[in-house]
Amino acid sequence: MSKAKRVPRLKTPTWLVICMDGPDTPPLRNEHLFGHLDHIEANNSDYRVAGPIRDTADGPIIGSTFLIPAESKEAAIAKMDGDPYISSNMYASITAYHFAPACGEWMGGVIWDQDEIRANMPKYT
C-alpha cells in the first residue's frame, strides 16, 4: 500500500459554517439568489469552498455549507456579512465549528506524520 503525499498544514484556521433552511426559506432563497451569487463571486477569495446542502443529489436545497479561512469563529461569520442570504435572515440556523483540513484529494495529500502522532498520542486522541 502506498502512502499519501505529506502536505503542509494550512496557515489560517478553517471554520465550517453550516446554514440550515427553515420552513420559511424557499421564497427568500428565490428572492435573494442572484444577490447571494453576486456576493460570493465578489468575495470568492474569502471561502475555501462553499455550496448547497441537499438530502439527495437531485433533491431540493436544504441549506448551505461554507469553509472559511479566518483567525476566529467571529471573523469567519463576519466574512459572510453583506450576503443577502445572511442579511435576509433566510437561514433557520447558522452554526460554526473549527475544522482542520487534514487529508484528501483537494488537500493534495495528508498533513500528518504517523511517527509524530505515535510520539504524542494524547495530543491526537
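## Aromatic pairs

Rings of Phe, Tyr and Trp (its six-membered ring) count as a pair if their centres lie within 6.5 Å; planes under 30 degrees apart are called stacked, over 60 edge-to-face, and the rest tilted. Searching the whole structure turns up two aromatic pairs. The Y47 and F66 rings have centres 5.7 Å apart and planes at 40°, so this pair is tilted. Y47 sits in the loop between α1 (25-42) and β2, while F66 belongs to strand β3, so the pair ties together parts that are 19 residues apart in sequence. Both Y47 and F66 are buried, where buried means under 20% relative accessible area, exposed means over 50%, and partly exposed is in between (1.4 Å probe, protein chains only).

Then there are Y85 and Y91: their ring centres are 6.1 Å apart and their planes at 85°, so the pair is edge-to-face. Y85 is buried, at a relative accessible area of 2%, and Y91 is buried too, at 9%.

## About the model

This is a predicted model, in which local features need pLDDT of at least 70 and side-chain atom pairs count only at pLDDT 80 or more, while totals for chains, interfaces and linings use all residues. Residues are numbered from 1 along each chain as its sequence is written, and side-chain values use heavy atoms, with hydrogens and water left out.

## The sheet

Helices (H or I, at least four residues) and strands (E, at least two) are DSSP runs, numbered from the N terminus. Two strands pair if DSSP finds at least two bridges between them. On that basis, four strands make an open sheet in the order β2-β3-β1-β4, with antiparallel pairing. β2 and β4 are at the edges with a single partner strand each, so one side of each is left without a neighbour in the sheet. From one strand to the next, the twist averages 20°.

Now for the pairings. β1 (residues 14-21) and β3 (residues 61-69) are antiparallel over seven bridges, and T14 has P69 as its bridge partner in β3. β2 (residues 49-54) is joined to β3 by six bridges, and I53 has G63 as its bridge partner there. β2 and β3 form a hairpin, with six residues between them.

## The nonpolar core

A nonpolar core is a set of buried Ala, Val, Leu, Ile, Met, Phe, Trp, Tyr and Cys residues joined through side-chain atoms within 4.5 Å. The largest one here has 15 residues, and those with the most contacts inside it are V17, C19, Y47, F66, I68, M80 and Y91. β1, β3, α3 and β4 each supply at least two residues of this core, with β1 giving the most, three residues.

Take C19 from that list. Contact means heavy atoms within 4.5 Å. Leaving aside neighbours within four places in sequence, C19 is in contact with I53, G63, S64, F66, M80, Y91, S93 and I94.

## Salt bridges

The structure holds three salt bridges, each a side-chain nitrogen of Lys or Arg within 4 Å of a carboxyl oxygen of Asp or Glu. One links D113 with R6, the closest N and O atoms being 3.7 Å apart. D113 lies in the loop between β6 (109-110) and α4 (114-119) and R6 in the segment before β1, so the pair ties together parts that are 107 residues apart in sequence. D113 is partly exposed at 27% relative accessibility, and R6 is partly exposed at 44%.

R29 and D21 meet in a salt bridge at 2.7 Å, N to O. R29 is buried at 12%, and D21 counts as buried at 18%. D115 and R118 form a salt bridge with their closest N and O atoms 3.6 Å apart. These two are three residues apart in helix α4, about one helical turn; D115 is exposed, and so is R118.

Most residues other than glycine have a negative phi. N89 has a phi near 55°, a positive value in a residue other than glycine. N89 is in the loop between α3 (84-87) and β4 (91-99), and N89 is exposed at 62% relative accessible area.

A4 belongs to the segment before β1 and is partly exposed, at 49%. The C-alpha atoms of A4 and G104 are separated by 9.0 Å, though the residues are 100 apart along the chain.

Notes: Axes fitted to C-alpha atoms, helices over the stretch in contact; angles between N-to-C directions.
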